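Take a first walk through this structure. Keep the sequence at hand as you read.

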Amino acid sequence: NERMPTSDLPAAMRLVDALWSSNFTPQSLVRMMGSSRGKSSVKKALRGRIPHLNDQSTDLLSDYLYHITVAPASGEYAMNSLLEPYASAQGAGVFAREHIGEGEIAKAIRQNLHRSPLKSILTCFGDHDWMRSGHEASARAEMESISSMGIRSKFDIVSNAGHHLYLDNEPELTRLILEG
């Protein structure tokens with residue numbers, strides 16, 4: 001998957017890349033929409049992303065998400081340093097700048113184990129999680145590296161779930177957490 005040069009991107013992706021590089025976030029867009037349009041846009045996005053929620057849950061969650069989205073900006077600016085727009089011949093999207101794995105998580109744990117000893121780590125992806133693509137093998141390798149330090153570590157795929165495991169398949173995620 002060789003990355004396309006910015007000049008070869010479709011106009012819409014070049015716009016996303018330019019806005020992204022200028023710290024323009026999805027939250028900024030919702031703030032600009034104002035209260036009425038912003039609230040309806042958040043609710044529409046939520047219904048598209050999690051269609052199985054009932055009306056009351058959708059109303060409560062979209063109201064919560066709207067209010068945290070329009071709050072003064074803070075951690076959202078970290079997205080620019082953690083994620084980046086990416087396009088290749090296989091498709092386009094927003095992905096992590098760095099792969100999970102290559103021993104970096106295990107290295108950080110090893111360096112800080114004396115401060116806060118870990119007993120176990122559970123890493124889960126949904127079976128149709130956008131983050132899983134290309135990262136599953138390195139996440140499994142990272143868990144094996146952590147296990148070699150005597151920390152119980154496990155990698156699981158949650159069925160019938162995307163990125164929001166706690167909403168998409170809460171019973172299976174809860175079972176995996178409790179089984180530890």
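Helices (H or I, at least four residues) and strands (E, at least two) are DSSP runs, numbered from the N terminus. By that count, the protein has 9 helices and 4 strands. Along the sequence they follow the pattern α-α-α-α-α-β-β-α-β-α-β-α-α.

This is a predicted model, in which local features need pLDDT of at least 70, side-chain atom pairs count only at pLDDT 80 or more, and totals for chains, interfaces and linings use all residues. Residues are numbered from 1 along each chain as its sequence is written, and side-chain values use heavy atoms, with hydrogens and water left out.

Begin with the whole protein. Of its 180 residues, 29% count as buried. Buried means under 20% relative accessible area, exposed means over 50%, and partly exposed lies in between (1.4 Å probe, protein chains only). The protein exposes about 11500 Å², and carbon and sulfur atoms supply 57% of that area. Accessible areas come from the Shrake-Rupley method with a 1.4 Å probe; for residues, only the protein chains shown count as cover. Now consider contacts, meaning heavy atoms within 4.5 Å. Among contacts between residues at least 6 apart in sequence, 64% join residues at least 24 apart.

Next comes the loop between helix H1 (11-21) and H2, where Asn 23 lies. Its phi is near 65 degrees, a positive value in a residue other than glycine. Asn 23 has 34% relative accessibility, so it counts as partly exposed.

Helix H2 covers residues 26-33. Which of its residues are buried? They are Gln 27, Ser 28 and Val 30. These residues cover an arc of only 160 degrees around the axis, so they sit on the same side of H2. The arc is that of the directions from the helix axis to the C-beta atoms. Their cover includes helix H3 (35-49), H4 and helix H5 (78-82). Just after H2, Gly 34 takes a positive phi of about 85 degrees.

How does H2 meet helix H4 (residues 55-70)? Their axes come within 9 Å and cross at roughly 100 degrees. That makes H2 roughly perpendicular to H4. Axes are lines fitted to C-alpha atoms, for helices over the stretch in contact, and angles run from 0 to 180 degrees between N-to-C directions. Angles under 35 degrees count as roughly parallel, over 145 as roughly antiparallel, 65 to 115 as roughly perpendicular and the rest as oblique. On the H2 side, Gln 27, Val 30 and Arg 31 meet Tyr 66, Thr 69 and Val 70 of H4. The residues of this contact divide into 3 nonpolar, 2 polar and 1 charged. Here Ala, Val, Leu, Ile, Met, Phe, Trp, Tyr, Cys and Pro count as nonpolar, Asp, Glu, Lys and Arg as charged, and the others, Gly among them, as polar.

Move on to the loop between E4 and H8, which holds Asn 160. Asn 160 is not a glycine, yet its phi is positive, near 50 degrees. With 57% relative accessibility, Asn 160 counts as exposed.

Finish with helix H9 (residues 170-179), where Glu 172, Leu 173 and Leu 176 are buried. Seen down the axis of H9, the buried residues fall within an arc of 100 degrees, so they line one face of the helix. Strand E3 (120-126), strand E4 (152-158) and helix H8 (165-168) are included in what covers them. Pro 171, Ile 177 and Leu 178 are exposed on the other side of H9. Gly 180 follows H9, with a positive phi near 50 degrees.
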